[in-house]
Amino acid sequence: GLFVTDYFTRTPRKLSPFRSFASIELFHFHIPEDTVIAVWNLITFKEQGGTFGDQCPDRSITVYFRSGAPSVINPLHTHFPRDTAVPGSFALTLTWTLPNRTTGVFNVTSPLPGDWFLAAHLPKDEGKISVKGLYEECQYLFQPQLIVQRLVNIAVLYPGHVTEQSMAPHNRSCLYKVFVPSYTSRVLVEVLRCRGAEGCPLWLRVRAKAPPLHNSTTLDCREHTPCQLAQDLPFWQHWYYVLVEKHPGVSGTVSFQVTVQLTDCSRPSLARPPFLPSSASMNMPHSFGSAGGLALGDSPPPTSPNDTKHPVPIPVTSHAGERCWPVRPTLRNELDTFSVHFYIFFGPNVSVPPDRPAVFVINLLPVLDSGGVLNLELRLNVSSLCGENVTVFGCLNHEVPLTSGDNTSVTCETESLAGFLLSVNATASLSRLRIPYPQTGSWYLSLRSLCATEHGFEPCTNVTAEVYLRAYLSPCINDCGIYGQCKLLRTNNYLYAACECKAGWNGWGCTDNSEAFSYGFQLLSTLLLCLSNVMFVPPVAIAVRSHYLLEAAVYIFTMFFSTFYHACDQPGIVVFCIMEYDVLQFCDFLGSLMSVWVTVIAMARLQPVVKQASVLYLLGAMLLSMALQMDRHGLWNLLGPSLFALGIMAVAWTARTIRRRHCYPPTWKRWAFYLCPGALIAAAAVLLYAFVETEENYFYIHSIWHLLIAGSVGFLLPPRAKPSRRLGPLPRRKGCGYQLCVNEQEELGLVDPAVASINSICTS
């Protein structure tokens, strides 16, 4: 055949250590139909500071593959919530072959067409809290590339027609495909008039959705006469691929005929006719009519003029399991993203008769619905059983309903079909099923009522069970509970939801409490983080006593907002918020930085003219607010203002030292008992904050940080300034600088100047 190669790639993304599904990187691909091979090229490389990270340690990268929906992964081996079905996926671990780059290849032969999802993550780390910008972090980037090779112009088989084929010596196989419409209970493929050098040296293989593999349903035509391969309960609305392959070592030309018969399950005694009216292609079932009244079939596409095909009527024997029952549709009601309710007409109470199953269909839209959780709930009305020991079984299957001919069967699986089983009875009247990240398409629910006897389950007589049925789509399982947060995530144009757990809880729905924090531990951590801010009371008292009223106001602001920010920032249920979280966080960060700023400016002992104007205080508040609005967790938000204030203090101290020709501060006691201990305490606090703090020790390391910072302020704040003993400067002289003394009495002419006492008024 003719092959066409397609190439797809995705932008490299930074991988993160696994904590929950919200921390993984998800990649979405689409594989076209008739693909015979798909090759994923998995490229991983390291970066550090914008260059190749040759010095970065090797960390294993795990990649998950799944068709139809994202993978439901559990690398931490946590417990899933009750009644949760976990679909399987394939995992691959990449190892490093070069210091800064590695490449992995993952081949899939005859992959299923449609959506494919790749999920990648790093192993879980120790949860260290690092200061942003302190050092260049190692980044691990992952880029998947997809190369697919697909066949074009595959021959199409039409039901009831014969296709003649002659396989040349240099050809090893012939590939065909046939479309199976809805309400088809059986696909029968037959090889006729096979002529070759050694009888009929052919293998017949059949597979749904994609070309057959070596482990697909296979029949050796040399050992079976006639060469017929049947597929019961085929997938509806899908292509089935038929591969006719020569035996190894067979030479020469082999000619044969191949035909396909589809059994209409609404009329099990007849094969599906080759042509039906165009209205029959709508496949609209009558929900409450007889099964025999359904018009089921699809009109075939135009026949290629190069193929010779003749209708061959083949009688099909009726099998007990080939009869299908009317399928009741559901009404889709979209409330929000991944919030969809499926309502049953004349529901939600459903009557399950004893002689036939009740079948319902739930349609999930492609791509849009695969990122949530499909929830199903069955509740039995015990009063409808009339005292009988009735059990209602439900089978949820994808793309085809399971209607077994054995009325006493309670399984939802066959050789080629897997499903989910639910059951309710008088003892357990409620049953739930949750499917995270369900595959899209049609899901069929078949309900049957059976009576329990000494010999097992048997069909009931004259008992119609009533069941309350609820089906809906939700973003997360139980909204992740009280110890989790349901997050709506996006990768390119694909949306999905995942839980992010807190307070030590884990699992897909934050229900695994094996490492959960107890209530006492949560209360202790909250009290430590909040009450440790009381250490700011002594610095406030010292500042007020020393007449540093502005500094005292800043310390009170910091103590207040730090207390209530940590009361609101707790991961568990011991939480108290007086404002919005973002407002509390901003005020806490601003108060912390302003405390450092005003303390260092106070230590500088600037001239009164500068200090009274409060220029530096106002400038610091404005610059710190701007920096925090840009990036609250950056290193330079803390380091920049601190260094600038320390520079101002150093200039002021140096100027005093030069002018006085003596070291400032002048006393050794000030250095030994205040400045050096305060600086050491502040340095220890910074080291703990930057290098020791992790997620596990956060509550007590950060509490120690509060104590040390407040204690260092008490040591570093300078004492009250002493009043100056010097007299104020004399007023500037006017005129020529001499002093004129005038005798007031002489000036008025009241006394004799010679004998009058001198009472002079001196003016400048």
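Which residues form a nonpolar patch on the surface? In this predicted model, the patch consists of Ile482, Tyr519, Leu523, Leu527, Leu531, Val534, Val537 and Ile573.

## The nonpolar surface patch

Together, the residues of the patch have about 750 Å² of accessible area. Helix 1 gives the most to the patch, with four residues. Tyr519, a member of the patch, has its place in helix 1. Tyr519 counts as exposed because its relative accessible area is 51%, and the cut-off for exposed is over 50%.

## Helix 3 and its neighbours

Helix 3 covers residues 549-568 and has 20 residues. From its first C-alpha to its last, helix 3 reaches 29 Å, which is close to the 28 Å expected at 1.5 Å a residue.

An α-helix has 3.6 residues a turn, so residues three or four places apart point the same way.

## Aromatic pairs

A search of the whole structure finds 36 aromatic pairs. In one of them, the rings of Tyr183 and Trp236 have centres 4.8 Å apart and planes at 40°, so the pair is tilted. The two residues are 53 residues apart and link distant parts of the chain. Tyr183 lies in the loop between strand 13 (173-180) and strand 14 (184-195), while Trp236 lies in the loop between strand 17 (227-232) and strand 18 (238-246). Tyr183 is buried, with a relative accessible area of 5%, and Trp236 is buried with a value of 5%.

Tyr494 and Tyr496 form a stacked pair, with 6.1 Å centre to centre and 20° between the planes. Tyr494 is buried at 1% relative accessibility, and Tyr496 is buried at 4%. Both belong to a cluster linked by ring pairs, which also holds Phe21, Phe80, Phe117, Tyr437 and Trp508.

## Salt bridges

Side chains of opposite charge can pair when their charged atoms come close. The count comes to 16 salt bridges. One of them joins Arg186 and Asp232, with the closest N and O atoms 3.0 Å apart. This pair links distant parts of the chain, for Arg186 is in strand 14 and Asp232 in strand 17, 46 residues apart. Arg186 is buried, with a relative accessible area of 18%, whereas Asp232 is partly exposed at 46%.

Arg332 and Asp369 also meet in a salt bridge, at 2.8 Å from N to O. Arg332 lies in strand 21 (residues 330-336) and Asp369 in the loop between strand 24 (358-364) and strand 25 (373-380), so the pair ties together parts that are 37 residues apart in sequence. Arg332 is partly exposed at 25% relative accessibility, but Asp369 is buried at 3%. A further salt bridge joins Asp355 and Arg356, at 3.7 Å from N to O. Asp355 is exposed, with a relative accessible area of 56%, and Arg356 is partly exposed at 40%. Finally, salt bridges that share partners join Glu377, Arg379, Arg432 and Arg470 into one network.

Technical notes:
Residues numbered from 1 in each chain as written. Predicted model: local features only at pLDDT ≥ 70, side-chain atom pairs only at ≥ 80, totals over all residues. Heavy atoms only, no water. Expected span 1.5 Å × (residues − 1). Patch = residues over 30% accessible without salt bridge, like charges linked within 9 Å, V, L, I, M, F, W, Y side chains within 5 Å. Areas by Shrake-Rupley, 256 points an atom, 1.4 Å probe, with all protein chains shown as cover. Salt bridge = Lys/Arg side-chain N within 4 Å of Asp/Glu carboxyl O. Buried < 20%, exposed > 50% of the residue type's maximum accessible area, 1.4 Å probe, protein only. Phe/Tyr/Trp six-rings, centres within 6.5 Å; stacked < 30°, edge-to-face > 60°.
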